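This report describes a model with the sequence and the structure shown below. It takes the chains one by one and then turns to their contact.

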Amino acid sequence: MHNFEINSIDDLVANASFQQWILSNDEKEGAYWSRWIADNPEKLEWVAAARSVIQVLAANTVALPPDEVAAAAAAIQNKILQEESQHVPGFDLHSGRRSRINSLPVRFKWGIAASLLLAIFAGTLIVQTAKVKNARAYESILDKATKAGTTYRNNSPGARRIYLPDGSEVDLQTGSSLIYMVEDAVARREIFLTGEAFFNVATDPSHPFIVYTSNIVTRVLGTSFRIKAVPGETVASITVCTGKVSVYKTASFTSQDAAEGFVLTPNQKAEYDIKKEQISKALVESPQATKKDPGDFSFEGAPVIQIFRELQDAYGISIVFDEQTLSTCSVTAVLDDKNFYGKLNTVCKIINATYEIIDGTIVISAKGCKS
Amino acid sequence: MNQTFSGYSDEEIWSVFLTGDSAALDCIVKKHYNLLYNYGRKFTQDTDLVKDCIQELFLALWKNRAGTGNTACVKYYLMKSLRRRLARELSKTGNITPESLEFLQLSMQLPQSPEVQKIQEERHAELSARIVQAISALSKRQQEIIYLRFYLNANAAEIGLIMNLSRQSVYNLLQLAISRLREISDTVFKHDIGYLLLLLALFH
């Protein structure tokens, strides 16, 4: 049952349960508030005034009939459909499939041609026996999956949502495909992805969820993340929304030796440079708070160490600093309407510090403050 | 409501929409149409203009989805966009500048409740009239803040986002408005034991 703290009339006006009682005469809420009034008879005047305020604010509110809303929504969908078919010259009405290259502006076509060329050169110049062996290992797994697994392909013009048998959801982008296979022998859920997809993985610690692409492998327990590994592009990437994933080079993961990988946490991304065969770890461009209620980030004479810890906590991004140097620094600031980097910049400016992003971690350098 | 998205939060549906899923957009439209329509009508009596702006808003969202990111609160993001669009449209007709978009006067419209006794109704009308009077005395900005804070439960940061104000100015405007509300509730009820007894009967 509810237990609200009502310390003023505005607490009452802003209370959703109270509003519901006044506006829709909700019986359940009504029972609660009648009891509350009986317990707090001295606050009756607040109740009366709050009731009037809510009714004044709600005056003239109309609920449009559902069919009018449906008609407005349908009009929007129709316009979208019209514009899509007008502006996409590569859209083929017969197959319903859009040819990707034709729909792109000319300068991008050159970009693709150039990167294809690069890929061909890279492919012909660097031929190492170990690499060939590892690629074969991947191919043989893929071959097995193609036969034993279920294939999903998205040829429609928009993203397609796929519900996998284990309860995971995948938004598969246009032109992408995946194979799903459960390996009972090794208790694994295995996905083979070509293209781009966003994964929301059903938690099942006893069956790790492993996504293969030709260059990178991502291993997760239960989490959500995006993988982009489009054939012909020079960089493949993985971006984590929630939870943790481990990332490996496919060649290393499929070989017999112990796989070398690293862990990605929310707001971090891994990029695999196909030409250099290197994985690097970075932060996403605009980190989102990972904590449900990150607080309001207003500080008055707060130790900067505490501020960095709160930032780290709210965004799940680790911040490294020298505790002793910064122990004399304190900051007064309201940081709530800035994004992560805005907050970080402001704090650094105040304490005259700089930062670098190394391997997906923020490293602060500062001289300290005079006490 | 679109069945495939039932049980999803606005923000989850939004991230699906960003991937180019028009069904997700459809779901967002249906879910928030009434809210946006009513919010828009707080700035103009031209209901067709409000509906046009809502349509244009969603079409622009669809077109620009590649440059759009995830948002912490879809509802307030949409309200902010509608507000900006309405300001632009209303300024075209010449009456206002985009910055001076004005919240229409809040007006009194009492709900009909025949089961309540006449005398209570009268006292209630009197109280509402005083509250309308007090709210009307506030600036248009304060009125809009009160509407957002107390009717749509937006917090100071969210109000700042919608109205493009700093959090501090939202706080200042809100504090003034609230202290006025407190004054009313204090003066109206002073020395009015009889009314309190009536109210007790009403709320039991």
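## Two chains and their contact

Chain A has eleven helices and 20 strands as its secondary structure. The model is a predicted one. Chain B has nine helices and zero strands, and along its sequence the pattern reads α-α-α-α-α-α-α-α-α.

| Chain | Residues | Buried |
|---|---|---|
| Chain A | 371 residues | 29% |
| Chain B | 204 residues | 35% |

Contacts can also be sorted by separation along the sequence. In chain A, 48% of the contacts with a separation of 6 or more are between residues 24 or more positions apart. In chain B, among contacts between residues at least 6 apart, 62% join residues at least 24 apart.

**A helix of chain A.** Helix α11 of chain A covers residues 340-350, and A:F340, A:K343, A:L344 and A:V347 in this helix are buried. Viewed down the axis of α11(A), these buried residues fall within an arc of 95°, so they line one face of the helix. The face of α11(A) turned away from the buried side carries A:G342 and A:K349, which are exposed. The cover over the buried residues of α11(A) includes α9 (304-315), β18 (330-334), β19 (354-358) and β20 (361-365) of chain A. Just after α11(A), A:N352 has a positive phi of about 60°.

**A helix pair in chain B.** Two packed helices are described by the angle between their axes and the distance between the axes. In chain B, helix α4 (residues 74-92) packs with helix α7 (residues 156-163) at an angle of about 30°, and their axes are 8 Å apart. Angles under 35 degrees count as roughly parallel, and α4(B) and α7(B) are therefore roughly parallel to each other. On α4(B) the contact is made by B:Y76, B:M79, B:K80 and B:R83, and on α7(B) by B:E158, B:L161 and B:I162. Sorted by class, the contact of α4(B) with α7(B) has four nonpolar, no polar and three charged residues.

**Where the chains meet.** How many residues does the contact take from chain A and from chain B? The contact takes 43 residues from chain A and 51 residues from chain B. On the side of chain A that touches chain B, the elements giving two or more residues are α1 (9-13), α3 (27-39), α4 (44-58) and α5 (66-87) of chain A. The largest share of that side, twelve residues, comes from α4(A). By class, the residues of the side of chain A that touches chain B are 27 nonpolar, ten polar and six charged.

Conventions
Residues are numbered from 1 along each chain as its sequence is written. Chains are lettered from A and ligands numbered from 1 in the order in which they are written. This is a predicted model: local features need pLDDT of at least 70, side-chain atom pairs count only at pLDDT 80 or more; totals for chains, interfaces and linings use all residues. Two residues are in contact if their C-beta atoms, placed from the backbone, lie within 7 Å. Helices (H or I, at least four residues) and strands (E, at least two) are DSSP runs, numbered from the N terminus. Ala, Val, Leu, Ile, Met, Phe, Trp, Tyr, Cys and Pro count as nonpolar, Asp, Glu, Lys and Arg as charged, and the others, Gly among them, as polar. Axes are lines fitted to C-alpha atoms, for helices over the stretch in contact, and angles run from 0 to 180 degrees between N-to-C directions. Angles under 35 degrees count as roughly parallel, over 145 as roughly antiparallel, 65 to 115 as roughly perpendicular and the rest as oblique. A residue is buried if 20 or more other C-beta atoms lie within 10 Å of its own, exposed if 12 or fewer, and partly exposed in between; C-beta atoms are placed from the backbone. The arc is that of the directions from the helix axis to the C-beta atoms.
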